[in-house]
Amino acid sequence: MNIVGLQSVTYGAEDVEAATRFQEDWGLELVEIGTTGSDFKLPDDTSVHIRRIDDDSLPPSSVPGSTAREVIWGAADKDTLEAIGAELSKDREVTVDSEGGLHSYDDLGYRIGFSVTTRAIKPLDFPDSNTVGNAARIDERADVFARGPVKQKRMFHAVYWAPGDTAAAAGFYLNRLGFKLTESLLGKNFFMRCGSSNDHHNLFFENGGNNFGFQHVAYEVRDSDEVLKCGTHMEEQGWQTQLGPGRHYFGSGWFWYFLNPAGGLIETGFDSDFISADWEPLHHDSIPPEAARPWMVRREEIGKPVAEGDWPQLIDGNVLPARS
Ligand SMILES: [Fe+2]
């Protein structure tokens with residue numbers, strides 16, 4: 001299956017006004033706002049939609065409260081879309097919207113959809129930088145000072161809690177939708193990328209005991225300056241850091257997470273691994289020491305870390321069945 005990546009995410013939010021203001025502060029372009037919610041787009045023509053939590057047009061929720069209600073994956077072409085529809089129709093309901101998009105659910109009951117992608121990534125130049133004994137920027141101030149507010153450039157992965165038999169839940173994407181496994185950890189955490197993607201992961205299933213629900217969507221900005229500039233701006237606007245800034249071991253990317261009033265967490269990052277067709281999946285039987293304690297600004301001293309149990313979208317012990 002030639003799936004290219006995330007196409008859109010739709011949230012059902014308890015406080016649409018706050019959720020809308022948050023996405024604007026985050027650096028998404030507001031294209032429409034009305035009584036039913038707000039719509040945002042990214043430079044690569046993907047989109048984010050905020051709706052009231054009780055909006056009848058939304059798919060049913062996996063968990064109570066504000067959360068992502070549906071993630072739409074971009075199919076490379078119409079043939080791919082038809083193949084997805086044929087595959088999923090074997091064992092579950094697939095509905096078709098007025099624009100030909102497909103809507104269904106995965107093996108954990110999370111609502112997913114598919115449409116022919118309009119995504120067109122606009123490559124960026126990496127800013128000239130100087131390092132020890134090697135200057136690429138001469139007689140010039142760093143260009144970050146000439147840039148305006150940070151704009152998120154693209155979404156590149158979604159993460160869900162995946163309790164129980166996580167390998168089976170991941171297998172739905174790997175065996176039926178053409179996703180590829182990049183790395184697995186402890187046999188129960190799976191970093192997966194779309195069939196025609198070079199991202200380290202576009203979908204991560206994390207086994208956190210009984211934790212269930214949508215966890216976060218990650219965005220990419222131009223460089224590390226923009227990760228730090230975005231996070232600083234968000235804190236100045238009163239939004240709450242969940243973790244970071246820091247750098248992941250898995251995927252190598254910079255990160256900074258915030259609590260998203262639209263639901264779950266949100267991450268911005270930069271410099272993630274590029275995975276080629278030559279990559280062989282890695283399986284880690286233990287947590288690599290470099291992964292156990294990556295470099296990260298420790299918030300205990302300077303901020304208010306958020307305990308995992310306080311994440312708003314999580315429910316212990318409630319694994320809801322797939323819904324038709
Ligand atoms: Fe992430």
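I started at Pro245, which lies in strand β16. Strands here are DSSP E runs of at least two residues and helices are H or I runs of at least four, both numbered from the N terminus. The peptide bond between Gly244 and Pro245 is cis, with omega about 0 degrees.

Before going on, I noted the ground rules. This is a predicted model, where local features need pLDDT of at least 70 and side-chain atom pairs count only at pLDDT 80 or more, while totals for chains, interfaces and linings use all residues. Residue numbers run from 1 along each chain as its sequence is written.

Asp45 has one, about 70 degrees, and sits in the loop between β3 (37–41) and β4 (47–52). I checked burial, counting other C-beta atoms (placed from the backbone) within 10 Å of a residue's own: 20 or more is buried, 12 or fewer is exposed, and in between is partly exposed. Asp45 counts as partly exposed because it has 16 C-beta neighbours inside 10 Å.

Asp139 also has a positive phi, near 60 degrees. I found Asp139 in the loop between β10 (134–135) and β11 (154–161). With 5 other C-beta atoms within 10 Å, Asp139 is exposed.

Which strands are at the edges of the open sheet? I wrote down the order first: 9 strands, β16-β17-β18-β15-β11-β14-β13-β12-β19, with mixed pairing. The edges are β16 (241–247) and β19 (282–284), each of which pairs on one side only. Pairing takes at least two DSSP bridges between two strands. Ignoring direction, neighbouring strands are turned by 15 degrees against each other on average; axes are lines fitted to C-alpha atoms (for helices, over the stretch in contact), and angles run from 0 to 180 degrees between N-to-C directions.

I zoomed in on one pair: β15 (213–220) and β18 (265–270) run parallel and are joined by 5 bridges. Tyr219 stands opposite Thr268 in β18.

**Helices.** Helix α3 (166–176) lies across β12 (180–185), β13 (189–193) and β14 (203–206), and runs at about 5 degrees to β13.

For helix α2 (78–88), I listed the buried residues: Thr80, Leu81, Ile84 and Leu88. They are on the same side of α2, because their arc around the axis is only 100 degrees, taken from the directions from the helix axis to the C-beta atoms. The face turned away from that side carries exposed Lys78, Asp79 and Ala86. The cover over the buried residues includes β1, β5 (67–75), β7 (102–105) and β8 (111–116).

**Core.** The largest nonpolar core has 71 residues, and Val71, Tyr160 and Phe205 have the most contacts inside it. Such a core is a set of buried Ala, Val, Leu, Ile, Met, Phe, Trp, Tyr and Cys joined through C-beta atoms within 7 Å. Strand β1 (3–13) gives the most to this core, 6 residues. I followed Val71: leaving aside neighbours within four places in sequence, Val71 is in contact (C-beta atoms, placed from the backbone, within 7 Å) with Leu6, Val9, Ile112 and Ala158.

**Whole chain.** Buried residues make up 44% of the 324. Among contacts between residues at least 6 apart in sequence, 68% join residues at least 24 apart. Along the principal axes, the C-alpha atoms fill a box of roughly 65 × 50 × 40 Å.

Methods
Contact = placed C-beta atoms within 7 Å.
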